[in-house]
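Trainee: I have a structure to study, and I would like to learn how to read its features. Please show me where to start.

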Amino acid sequence: MALLKGKGAMIGVNLIAKVYKSGVTKDGKSQYVDVQLDARDPRGPAQTDLHLKSDRVQGEDGRVRYNSGVPYSTGQMEEIIKAAGPNTEPILNKDGTEVGTIYGFKGNVMPATRGTGLVVNTKSVEASEFKVDDKTLDNQFVSMRAAREARAAAKESQAQAPAPETKHEQAAEVDGPAVG
């Protein structure tokens, strides 16, 4: 799950929404949406998980999956779609069939009142600073992988760094006998 900390970190965030046609609830009043921090937003590159919600779920087959879907009402979806305007891209399955749409937009996020993660305040949405295209989702995965690798490299370099000398040891070197 994306971590947005500090003053103003949840204001004016560039986001993408992955909306699958199959994500509509049976009553048609809500749509499950995977909203992610856009990797190109200044807050994105250090994030190892760009999803606003990411719950670990163990399936019946024993495999661990992550649920990133959050229900948004039909009215909220209309606000996101209106804010995105033409900034959309179809989501295609491996056969090339359209199964959903990516929307690029900008908005304020806040902690979810029910469940975990962050949700979009759809009263604050507007056009994104970034254009979504057929490479957007790939770039999201590349960004998360790069952040995980950078974090792992930083941990490894910290583990290999020599322990700093104490002041006592440094003083002993300075006060040692002069050669010569």
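**Reading burial and salt bridges**

Mentor: Start with Lys-53, whose relative accessible area of 13% makes it buried. Buried means under 20%, exposed means over 50%, and partly exposed lies in between (1.4 Å probe, protein chains only). This is a predicted model, where local features need pLDDT of at least 70 and side-chain atom pairs pLDDT 80 or more, while totals for chains, interfaces and linings use all residues. Residues are numbered from 1 along each chain as its sequence is written, and side-chain values use heavy atoms, without hydrogens and water.

Trainee: Which residue does Lys-53 meet in a salt bridge?

Mentor: A salt bridge is a side-chain nitrogen of Lys or Arg within 4 Å of a carboxyl oxygen of Asp or Glu. The partner of Lys-53 is Asp-55, at 3.4 Å from N to O. Asp-55 is partly exposed, because its relative accessibility is 23%.

Trainee: How many salt bridges does the structure hold?

Mentor: There are 6. One of them joins Lys-106 and Glu-129, whose closest N and O atoms are 2.5 Å apart. That pair links distant parts of the chain, 23 residues apart: Lys-106 belongs to strand β7, and Glu-129 to the loop between β8 (118-127) and α2. Lys-106 is buried at 14%, whereas Glu-129 is exposed at 51%. Strands (E, at least two residues) and helices (H or I, at least four) are DSSP runs, numbered from the N terminus.

Trainee: Where is Arg-40 found, and what is it in contact with?

Mentor: Look in the loop between β2 and β3 (55-58) for Arg-40. Contact means heavy atoms within 4.5 Å. Beyond its neighbours within four places in sequence, Arg-40 touches Phe-130, Lys-131, Val-132 and Thr-136. A polar atom of the Arg-40 side chain lies 2.9 Å from the backbone oxygen of Lys-131. Arg-40 also forms a salt bridge with Asp-38 (2.9 Å, N to O). Asp-38 is buried, with a relative accessible area of 1%, while Arg-40 is partly exposed at 35%.

Trainee: Which residues of α2 are buried?

Mentor: They are Thr-136, Leu-137, Gln-140, Ser-143, Met-144 and Ala-147. These buried residues pack against β1 (13-24), β2 (30-37) and β7 (98-111).

Trainee: What should the 25 residues of α2 span?

Mentor: The expected span is 1.5 Å times one less than the number of residues. For helix α2 (residues 136-160) that gives 36 Å, and its end C-alpha atoms are 36 Å apart, which agrees.

Terms used:
Polar contact = N/O pair within 3.5 Å; in protein donor to acceptor, adjacent residues only side chain to side chain.
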